[in-house]
Amino acid sequence: MARKRLTQLFPFLLPIRVWQRNLFYYIGMKYDSNKYSKNFGEPLKYKVCTTKTLMINENSGHDILYQKNKVDNLKIASKTMNHILIYPNETFSFCYLTRNSKKYGKYKEGLILIDGKIVAKKGGGICHLSNLLHYIFLMSPLTVTERHGHKVKSFPDPDKSSIEGIDATISGGWLDLKVKNETDKVYQIEISFDDKYMYGSILTDKESDVDYEIENEDLKYIKENEKIYECVSIVRKEIDKKTKQILKKDKLYEEKVLIEYELPEEIEVKEV
């Protein structure tokens with residue numbers, strides 16, 4: 001049996017531990033040789049990529065109020081980074097920017113996974129924003145330098161056509177989403193909302209000759225030690241804008257995640 005952490009034995013210590021981790025994390029960022037993006041500007045001229053994601057998941061199995069609270073949390077978090085400029089050699093950090101979220105409003109209780117359990121916590125659900133950002137980062141020339149996938153999927157995706165394995169979980173002081181601009185162009189994040197969807201785009205100051213597409217390969221579900229996992233490869237295609245020919249195809253990484261909801265009967269699960 002795994003030993004419990006001190007904060008699991010004494011939960012009242014958790015806020016102190018979180019404060020400590022955040023303090024050390026941001027002090028460390030001052031000395032890690034990265035120049036972090038912090039300047040905002042008017043929308044740049046050229047669009048590199050865009051996507052949208054449905055915000056309300058009616059299949060969460062929890063009170064729909066938490067989904068509505070999540071939407072409010074997403075709008076607050078987005079204000080910390082909407083139209084931020086990522087200059088050459090600069091690094092974008094999700095946690096570095098959202099630490100200033102209080103100036104834009106107060107987070108509400110949303111759902112979050114802690115120690116394998118879904119619980120309600122202030123700020124819950126903003127991983128929905130980091131998921132979207134990671135996806136558009138993969139469809140751009142920006143280099144992902146830190147990303148952590150969720151280890152557990154507690155309920156199905158609201159969008160059946162969504163790409164699997166491109167999520168990015170966030171935990172201040174522990175887990176971040178970072179990308180570095182190793183090009184000679186300036187890039188910019190643009191985020192907007194309507195009643196149902198959150199939209200994300202990457203803009204740039206110079207037009208590109210290529211587009212990027214992200215897709216899944218080898219998607220399968222396996223049963224291992226009486227637990228079901230989703231396994232998938234994430235592949236990126238580099239496509240010539242004029243000819244539409246595939247210039248390059250790379251497997252970026254493989255993802256394996258524990259499934260904690262009941263799969264539809266038509267999905268085959270293989271024993272390993």
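Which residues form a nonpolar patch on the surface, and how much accessible area do they have together?

Mentor: The patch is formed by Trp-19, Leu-23, Phe-24, Ile-27 and Tyr-31, with about 620 Å² of accessible area together. This is a predicted model, where local features need pLDDT of at least 70, side-chain atom pairs count only at pLDDT 80 or more, and totals for chains, interfaces and linings use all residues. Residues are numbered from 1 along each chain as its sequence is written, and side-chain values use heavy atoms, with hydrogens and water left out.

A patch takes residues with over 30% relative accessible area and no salt bridge, joining like charges within 9 Å and nonpolar side chains (Val, Leu, Ile, Met, Phe, Trp, Tyr) within 5 Å. Areas are Shrake-Rupley values with a 1.4 Å probe; for residues, only the protein chains shown count as cover.

Take Phe-24. It sits in helix α2, residues 14-29. (Helices, H or I of at least four residues, and strands, E of at least two, are DSSP runs numbered from the N terminus.) Phe-24 counts as exposed because its relative accessibility is 51%. The cut-offs are under 20% for buried, over 50% for exposed, and partly exposed in between (1.4 Å probe, protein chains only).

Now the buried side. Leu-133 belongs to helix α5, residues 127-138. Its relative accessible area is 0%, so Leu-133 is buried. Leaving out residues up to four places away in sequence, Leu-133 touches Met-81, Phe-92, Phe-94, Leu-177 and Ile-189. Contact here means heavy atoms within 4.5 Å. Thr-51, in strand β2 (residues 46-54), is also buried, at 17%. With the sequence neighbours up to four places away again set aside, its contacts include Leu-132, Tyr-135 and Ile-136.

Next, the sheet. Five strands make an open, mixed sheet in the order β8-β14-β13-β12-β15. β8 (152-153) and β15 are at the edges; each has a single partner strand, so one side of each lacks a neighbour in the sheet. Two strands pair if DSSP finds at least two bridges between them.

Start with β12 (residues 210-224) and β13 (residues 227-240). They run antiparallel, joined by 13 bridges. Ile-214 faces Arg-236 across that pairing. The two strands form a hairpin with two residues between them, and Asn-225 in the turn has a positive phi of about 55 degrees. β13 also runs antiparallel to β14 (residues 246-259), over 11 bridges. There, Val-235 is opposite Lys-251. β12 and β15 (residues 269-271) pair in the parallel sense, over three bridges. Tyr-221 has Val-269 as its bridge partner in β15.

Last, charges. There are 12 salt bridges, each a side-chain nitrogen of Lys or Arg within 4 Å of a carboxyl oxygen of Asp or Glu. Asp-72 and Lys-108 form one, at 2.7 Å from N to O. Asp-72 is in helix α3 (residues 64-79) and Lys-108 in the loop between α4 (94-98) and β5 (109-114), so this pair ties together parts 36 residues apart in sequence. Asp-72 is partly exposed at 28%; Lys-108 is partly exposed at 38%. Asp-250 and Lys-248 meet in a salt bridge at 3.9 Å, N to O. Glu-254 pairs with Lys-251, the closest N and O atoms being 2.8 Å apart. Glu-254 counts as exposed, at 55%.
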